Amino acid sequence: MSRRQTLEALSGLLMGMFVALLSSTVVSSSLPRIIGDLGGTQAAYTWVVTSTMLAMAVSTPIWGKLADLFNRKLLVQLSLVLFVIGSALAGLSQDSGMLIVFRVVQGLGAGGLTALVQVVMADIISPRERGKYMGFMGAVMAVATVGGPLLGGVITDGIGWRWNFYVAVPFAVIALVLLQKTLHLPTKRRKVTIDYLGAALIAVGVSSILIWVTLAGNNFDWWSWETVAMVGGGIVVLVLAVVVELRAEEPVLPLTLFKDRTFTLAVVASLAVGVAMFGTSVFLSQYMQLARGKTPTESGLLTIPMIGGVLIASTIAGQFISRTGKWKSWLVTGSFMVAVGLTLMGTIRYDTSFVLVSIYMLVLGAGVGMVMQNLVLIVQNSVDVRQLGAASAGVAFFRTLGGTIGVSALGAVLGTAVANYTKEGIPALDPASQQAAGALAGGSIPHLSTLPEPLRLLVESAYGHGTGDIFLYAVPLAIITILCVVFLPNRPLGTKTAVEQMQEKGQPEGAGERFAERLVETAADEGAAVPTVHDGEAAGRHGEQAETVGATDGGRHRRS
């Protein structure tokens with residue numbers, strides 16, 4: 001495909017990613033006020049975020065497996081529609097419980113977009129070329145992540161937070177139209193067997209453990225019968241899931257993938273990256289509003305250095321990887337920067353200079369930008385093309401799982417730390433403020449503007465100190481990421497797209513010609529231009545440009 005054709009095909013995908021990210025980030029700066037208005041606690045705040053990530057985590061491998069079985073374009077459109085429906089329903093929430101339920105629906109759609117966009121990119125772009133296009137994805141992510149909190153803050157301060165959940169609908173309609181008109185993929189026709197039991201067991205087992213992480217220490221003791229039931233039950237269910245996946249004809253998460261060293265190390269590294277990526281975005285909004293007294297709009301503006309780091313680093317790294325084909329040094333550098341960034345963020349308090357906080361966020365964001373998307377690229381370059389969907393979704397699954405566990409655990413730690421720091425500061429207050437502070441120590445999220453000066457300073461100090469603590473707790477995970485990246489096999493990036501690899505992989509004589517004919521028929525049925533062979537960069541390629549490949553004796557291939 002020419003550069004223009006590739007960008008046209010990517011337009012709908014990138015708009016879909018923009019919708020998913022915008023719908024998530026537009027509420028991030030408003031969540032403290034949303035939970036306060038709905039009468040929620042710190043646990044509810046954490047679960048509003050965790051519920052979406054949990055749904056993303058358990059649905060991502062299912063979407064990925066479906067991508068290996070069904071039409072990927074249709075799946076992207078379905079996940080986009082599901083996401084928008086969940087967003088619209090979330091805007092109607094009357095309490096934190098309703099909001100959590102509708103955020104689950106959002107998460108199911110977001111899981112599809114997270115898994116499928118990367119897979120479709122592999123269909124139309126080779127690993128060697130994919131790095132520079134990752135820069136476009138990084139730019140879209142940065143715009144949505146920076147613009148989302150800003151837009152959400154303006155909407156919340158202006159017309160009310162409920163409109164945050166409706167703002168992505170027009171963009172979703174545009175994305176659906178672009179996908180229909182610009183994305184043309186060959187339709188697969190083969191017998192389909194869906195592993196429903198394996199999918200259900202994975203969802204139940206992971207959910208049980210994540211729910212325990214969130215509730216333990218607050219709703220019940222860490223060592224209690226509830227812990228035994230939830231953790232023990234979750235482990236038993238996951239063991240059953242492993243047994244089912246080993247026997248399933250079409251497993252949701254093929255365990256044979258773990259025989260590939262690249263996949264296994266990338267999965268472990270993704271767990272820590274997920275904590276850094278999701279945890280930072282979640283708790284920085286709380287820090288800015290509850291430790292620094294900023295409005296939702298100001299909170300969005302103050303987190304720009306973090307997103308700027310992600311944008312700049314992902315774009316530069318992607319361009320250099322595509323030009324040189326060398327990726328290892330970028331991932332090693334990025335993983336070190338994640339560890340350094342988390343360590344620096346662990347030093348913040350309620351009165352830390354905003355200049356220093358901005359520098360710390362920039363370092364952390366740059367590290368995440370170098371590592372996050374490129375881990376998926378390395379895995380796609382390593383695995384069998386027939387397992388591309390499952391492998392890509394597997395990395396995204398464990399990244400989201402790491403973020404979900406991290407947000408759940410760190411949220412519980414933050415709630416406990418804030419309560420403890422608040423209690424420690426109560427004796428120094430006057431009697432009237434001590435009585436009011438007692439309610440805050442119970443975990444409710446306050447409106448700082450309504451608190452008297454002594455009590456407001458106590459709350460800001462508690463949230464500032466508590467937020468710094470949770471970043472320090474994430475540092476050991478970053479060290480594990482460094483070790484995993486260092487030991488990743490340094491394999492050269494391939495120069496063929498997934499469609500080209502499928503065409504050449506074990507095809508009988510004449511299969512290349514028949515495959516090209518089917519591509520032409522598919523494009524014609526969907527209203528695309530009839531593929532032709534172009535010179536220059538496109539010469540020697542197939543897909544929608546109709547390159548045909550047939551097998552010859554000796555296992556070599558000829559091109560026509």
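Of the 560 residues of this chain, 59% count as buried. Buried means under 20% relative accessible area, exposed means over 50%, and partly exposed lies in between, with a 1.4 Å probe and protein chains only. A word on the source: this is a predicted model, where local features need pLDDT of at least 70, side-chain atom pairs count only at pLDDT 80 or more, and totals for chains, interfaces and linings use all residues. Residues are numbered from 1 along each chain as its sequence is written, and side-chain values use heavy atoms, with hydrogens and water left out.

Now the overall picture. The chain has 20 helices and two strands. Those are DSSP runs numbered from the N terminus: H or I with at least four residues for helices, E with at least two for strands. Contact here means heavy atoms within 4.5 Å. Take the contacts between residues at least 6 apart in sequence: 81% of them join residues at least 24 apart.

Next, helix packing. Two packed helices are described by the angle between their axes and the distance between the axes. My example is helix α13, residues 328-345, against helix α18, residues 475-486. Their axes come within 9 Å and cross at roughly 170°. So α13 is roughly antiparallel to α18. The axes are lines fitted to C-alpha atoms, for helices over the stretch in contact, and angles run from 0 to 180 degrees between N-to-C directions. For the labels, under 35 degrees is roughly parallel, over 145 roughly antiparallel, 65 to 115 roughly perpendicular, and the rest oblique.

Who makes that contact? On α13, it is K328, L331, V332, S335, F336, V338, A339, L342 and T343. On α18, it is V475, A478, T481, I482, V485 and V486. By class, the contact of α13 with α18 has 11 nonpolar, three polar and one charged residues. Nonpolar covers Ala, Val, Leu, Ile, Met, Phe, Trp, Tyr, Cys and Pro; charged covers Asp, Glu, Lys and Arg; the others, Gly among them, are polar.

Let me move to helix α14, residues 354-382. Two of its residues are worth a look. I378 is in α14, and with a relative accessible area of 4% it is buried. Leave out residues up to four places away in sequence, and I378 touches T262, W327, L331 and L493. L331 also belongs to the α13 side of the contact with α18. I378 and K328 are 50 residues apart along the chain, with 9.5 Å between their C-alpha atoms.

M361 is the other α14 residue. Its relative accessibility is 0%, so M361 counts as buried. From M361 to L342 is 19 residues in sequence and 8.7 Å in space, C-alpha to C-alpha.

Back to T262, one of the partners of I378. T262 sits in helix α10, residues 261-291. T262 is buried, at 1% relative accessible area. Beyond its neighbours within four places in sequence, T262 contacts I378, V379, S382, L488, P489 and R491.

T324 has its place in helix α12, residues 304-324. At 39% relative accessibility, T324 is partly exposed. T324 and L493 are 169 residues apart in sequence, yet 9.8 Å apart in space, C-alpha to C-alpha. P454 lies in helix α17, residues 453-473. P454 is partly exposed too, at 37% relative accessible area.

Last topic: rings. How many aromatic pairs does the structure hold? Four. Rings of Phe, Tyr and Trp (its six-membered ring) pair if their centres lie within 6.5 Å; planes under 30 degrees apart are stacked, over 60 edge-to-face, and the rest tilted. W161 and F165 have ring centres 6.3 Å apart and planes at 80°, so that pair is edge-to-face. Both W161 and F165 are buried. W163 and Y166 also pair edge-to-face, 5.5 Å centre to centre with 80° between the planes. W163 is partly exposed at 48%, and Y166 is partly exposed at 25%.

The charged end of R292 sits over the ring of F354, 4.0 Å from its centre. The test is NZ of Lys or CZ of Arg within 6 Å of the ring centre and within 35 degrees of the ring normal.
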